[in-house]
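Could you walk me through this structure in my viewer, one selection at a time? I have never looked at it before, so please tell me what to pick and what I will find there.

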Amino acid sequence: MIIATGAYQGPWTPPAAAGLGPGVTQLHAAAYRNPGQIPGDEVLVVGAANSGAQIAAELAATHRVWLSRGAPIRRLPRKIAGIPIHSFGDRLGLIPAPFDTWRGRTQRGDLLVGPSLRQLARRHGIELADRVTGADGRSIRFADGRQLQVSAVIWATGYRPDYSWIHLPVLDGHGLPRHQRGVTGYPGLYFLGMHNQYSRGSALIHWVRYDAQYIVSQARARAAATRPGTGTSDDNPDDEPGAADDPDGTQLAAASAAQVRCQPFLMPASLTPRRVVVT
Ligand SMILES: Cc1cc2nc3c(=O)[nH]c(=O)nc-3n(C[C@H](O)[C@H](O)[C@H](O)COP(=O)(O)OP(=O)(O)OC[C@H]3O[C@@H](n4cnc5c(N)ncnc54)[C@H](O)[C@@H]3O)c2cc1C
């Protein structure tokens, strides 16, 4: 069983949200669609990562906007010399690099892609505020001791996965899977698509395939090992193509790992290997 229920399942808001009174309009970034949802002409956006920064910039055209930032995060421009930053990350093999390699270590932590918060403030007149520490009625408190009376708040404070429906001894004290690259200690149970599962790319559409290849190879290897008889699948017409020739999945796993570790430097996309073919 491969659990691929998504890294960003449930909108998360900090406990301070519960302190706001009924007269304050509050919504999570997941529910935000356009500035028309925000009554009045003032709004506090809490969370200055990608969602919060982009929502604040959009709202600034119609509202007076405060943007509250939590932990500092690194920032990169959207493009360098006209080339999207994710292209660099891909061509240099940074995004799919395992976190325990030097390339992977450069990818740890969250990343703001686009204008810096200072640029946002300057260009859009957004007022930057410290981390929110509490709320009472219409009053919001910040870490630097300041307070603000608010009528509308957007919580751009992220998402959490929900594995509460799994009643097996594979979750830690925070309800998150204990695993090695998605492989749990419970035979036959795997996770895929988790935030930072193995690399920055683990929960990104273009790069999740590397973890997917690995998990499938692990599942195949286990299936072969537990199958009655020789452990090979040549006599089983229902097997997927390729499984018969790589019954324990080691070739696929090795090829997948090699591909991840050997992403070529600045190789043109047309020459970059895109598939692992097991023959
Ligand atoms: C604001 C935001 C912006 C993003 N931008 C990008 C981006 O620009 N590029 C990028 O690559 N990635 C982006 N991502 C990440 C993106 O969400 C993931 O890459 C992608 O959605 C992962 O796909 P998935 O199939 O693993 O999970 P999901 O798309 O979340 O799919 C999981 C599925 O599992 C279902 N499910 C959940 N629980 C159960 C259950 N108990 N039983 C059965 N089904 C269940 C859900 O209904 C859902 O259909 C962004 C994420 C967010 C939140």
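Start by selecting the shell of residues around the ligand: seven of them are nonpolar, six are polar and none is charged. The shell holds 13 residues, and the nearest to the ligand are Thr 5, Gly 6, Gly 193, Leu 204 and Ile 205. Keep in mind as you go that you are looking at a predicted model.

**Zoom out**

Now show the whole chain as a cartoon. Of its 279 residues, 28% are buried. Among the contacts with a separation of 6 or more, 57% link residues 24 or more positions apart.

**The five-stranded sheet**

Next, select E3, E14, E4, E5 and E10. In that order these five strands make an open sheet with parallel pairing. Look at the two edges, strand E3 (25-28) and strand E10 (127-129): each has a single partner strand, so one side of each is left without a neighbour in the sheet. On average, neighbouring strands in this sheet are turned by 20 degrees against each other, direction ignored.

Stay here and pick out E4 (residues 42-46) and E5 (residues 64-68), a parallel pair joined by five bridges. One place to look is Val 46, which has Ser 68 of E5 opposite.

Which strands does helix H1 lie across? Select residues 50-59 to see H1 lying across E4, E5 and strand E14 (152-155), at about 170 degrees to E4. Then colour the buried residues of H1, which are Ser 51, Gly 52, Ala 53, Ile 55, Ala 56 and Leu 59. Their cover includes E4, E5 and E14, and also strand E9 (111-113) and helix H4 (117-124).

In soluble globular proteins, nonpolar side chains tend to be buried together. Here, the largest nonpolar core has 27 residues, and Val 45, Ala 56, Val 65 and Ile 154 have the most contacts inside it. E4, H1, E5, E11 and E14 are the elements that give this core two or more residues.

Click on Ile 154 and ask which residues it is in contact with, leaving aside neighbours within four places in sequence. They are Leu 27, Ala 29, Tyr 32, Val 43, Val 45, Val 46 and Ile 55.

**The three-stranded sheet**

Select E11, E12 and E13 next. They form an open sheet in that order, and this time the pairing is antiparallel. Strand E11 (132-136) and strand E13 (147-149) are the edge strands, each pairing on one side only. Neighbouring strands of this sheet are turned by 20 degrees against each other on average, direction ignored.

Follow E11 into strand E12 (residues 139-142): four bridges join this antiparallel pair. Two of the places to check are Ala 135, whose bridge partner in E12 is Ile 140, and Gly 134, which stands opposite Arg 141. The hairpin of E11 and E12 has two residues between the strands, and Gly 137 there takes a positive phi near 70 degrees.

Carry on from E12 to E13, which pair in the antiparallel sense over three bridges. Ile 140 turns up again here, opposite Leu 148 in E13. In this hairpin there are four residues between the strands, and Gly 145 in the turn has a positive phi of about 95 degrees.

**Two last stops**

Ala 81, with a positive phi of about 50 degrees, sits in the loop between strand E7 (79-80) and strand E8 (83-84). Is Ala 81 buried or exposed? Ala 81 has 5 other C-beta atoms within 10 Å, so it counts as exposed.

Arg 181 also has a positive phi of about 50 degrees. You will find Arg 181 in the loop between strand E15 (159-160) and strand E16 (190-191). Arg 181 counts as partly exposed because it has 19 C-beta neighbours inside 10 Å, and a buried residue would need 20 or more.

How values were computed:
Residues are numbered from 1 along each chain as its sequence is written. This is a predicted model: local features need pLDDT of at least 70, side-chain atom pairs count only at pLDDT 80 or more; totals for chains, interfaces and linings use all residues. Two strands pair if DSSP finds at least two bridges between them. Axes are lines fitted to C-alpha atoms, for helices over the stretch in contact, and angles run from 0 to 180 degrees between N-to-C directions. Two residues are in contact if their C-beta atoms, placed from the backbone, lie within 7 Å. A residue is buried if 20 or more other C-beta atoms lie within 10 Å of its own, exposed if 12 or fewer, and partly exposed in between; C-beta atoms are placed from the backbone. A residue is near a molecule or strand if its C-beta atom, placed from the backbone, lies within 6 Å of it. Ala, Val, Leu, Ile, Met, Phe, Trp, Tyr, Cys and Pro count as nonpolar, Asp, Glu, Lys and Arg as charged, and the others, Gly among them, as polar. A nonpolar core is a set of buried Ala, Val, Leu, Ile, Met, Phe, Trp, Tyr and Cys residues joined through C-beta atoms within 7 Å.
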